[in-house]
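Subject: Handover of a structure

Dear colleague,

Please find below the structure that I am passing on to you. My findings follow directly after it.

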Amino acid sequence: MPPQFQMPYANHLHQFSTFQPIATPVNPPRPAAQIAPPPKYPIDDLDVTPRANGVHRPNLKFFSDDTPSSTGQPQTSNGIQMKSVGLLLEVWNTLNVHAEIFKLDSFTFDDFVGAMQFSSDEIECELLVEAHCAVLKLLVNEEGQVQVALPAMFEIDEEEDDGTS
């Protein structure tokens, strides 16, 4: 004998006893010619379609004051010549790449250039003092004796610089 339910439950069970069929959408499948094939990865650069309006790149900003005349002048003058930028980048890169050996925190190129241009009799530039001490600690021991062999220094004759040889 089936279990007896109270009246509200009995009505509830009979109400949902029949299920309605789910309607399927009537969208015809598209022909195979209209379906674009999915891209295969890795994809070649030439297979990527270019954007309609292209990429807008910002104007170049030059760091040195003596940039070529066709490229425009820097927005602010900082007193740096093009021949100095390479050497500044080498020193900055060396200090940052070997920061763990020197026990230095990393710092930006702009901060480094600003520190190199800093001049004051009353205030010390912390970045230059830290970098100088860090490099000296590797070159000199606690007694002040040089621990590495320094390269031989040679003087450039002024006559050779003038081009009158």
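Leu-104 is in contact with Leu-95, Ala-99, Glu-130, Ala-131 and Ala-134, leaving aside its neighbours within four places in sequence. Please bear in mind that this is a predicted model.

Leu-104 also belongs to the largest nonpolar core, which has 13 residues. Together with Ile-80, Leu-88, Leu-95, Phe-102, Phe-112 and Val-113, Leu-104 touches the most other members of that core. The elements that contribute two or more residues to the core are H2, helix H3 (99–102), H4 and helix H5 (126–139).

Helix H2 spans residues 82–97 and helix H4 spans residues 109–117. The two helices pack at an angle of about 115 degrees, and their axes are 10 Å apart. Their crossing is right-handed. On the H2 side, the residues that meet H4 are Leu-88, Leu-89, Val-91, Trp-92 and Leu-95. On the H4 side, their counterparts are Phe-109, Phe-112, Val-113 and Met-116. Sorted by class, this contact comprises nine nonpolar residues, with no polar and no charged ones.

Asn-96 is a further residue of helix H2. Is Asn-96 buried or exposed? Its relative accessibility is 18%, and Asn-96 therefore counts as buried. The side chain of Asn-96 reaches the backbone nitrogen of Phe-107 at 3.1 Å. Apart from neighbours within four places in sequence, Asn-96 is in contact with Ser-106 and Phe-107.

Gly-79 lies in the loop that runs between helix H1 (7–15) and H2. With a relative accessible area of 53%, Gly-79 is exposed.

Finally, some remarks on the chain as a whole. The chain has six helices and zero strands, and along the sequence its pattern reads α-α-α-α-α-α. Of the 165 residues in the chain, 12% are buried. Taking the contacts between residues at least 6 apart in sequence, 24% join residues at least 24 apart.

With kind regards

Terms used: Residues are numbered from 1 along each chain as its sequence is written. This is a predicted model: local features need pLDDT of at least 70, side-chain atom pairs count only at pLDDT 80 or more; totals for chains, interfaces and linings use all residues. Side-chain values use heavy atoms; hydrogens and water are left out. Axes are lines fitted to C-alpha atoms, for helices over the stretch in contact, and angles run from 0 to 180 degrees between N-to-C directions. Helices (H or I, at least four residues) and strands (E, at least two) are DSSP runs, numbered from the N terminus. A crossing is left-handed if the near helix is turned anticlockwise from the far one by less than a right angle, and right-handed if clockwise. Contact means heavy atoms within 4.5 Å. Ala, Val, Leu, Ile, Met, Phe, Trp, Tyr, Cys and Pro count as nonpolar, Asp, Glu, Lys and Arg as charged, and the others, Gly among them, as polar. A nonpolar core is a set of buried Ala, Val, Leu, Ile, Met, Phe, Trp, Tyr and Cys residues joined through side-chain atoms within 4.5 Å. Buried means under 20% relative accessible area, exposed over 50%, partly exposed in between (1.4 Å probe, protein chains only). A polar contact is a pair of N or O atoms within 3.5 Å; within protein, one must be able to donate a hydrogen and the other to accept it, and residues adjacent in sequence count only if both atoms are side-chain atoms.
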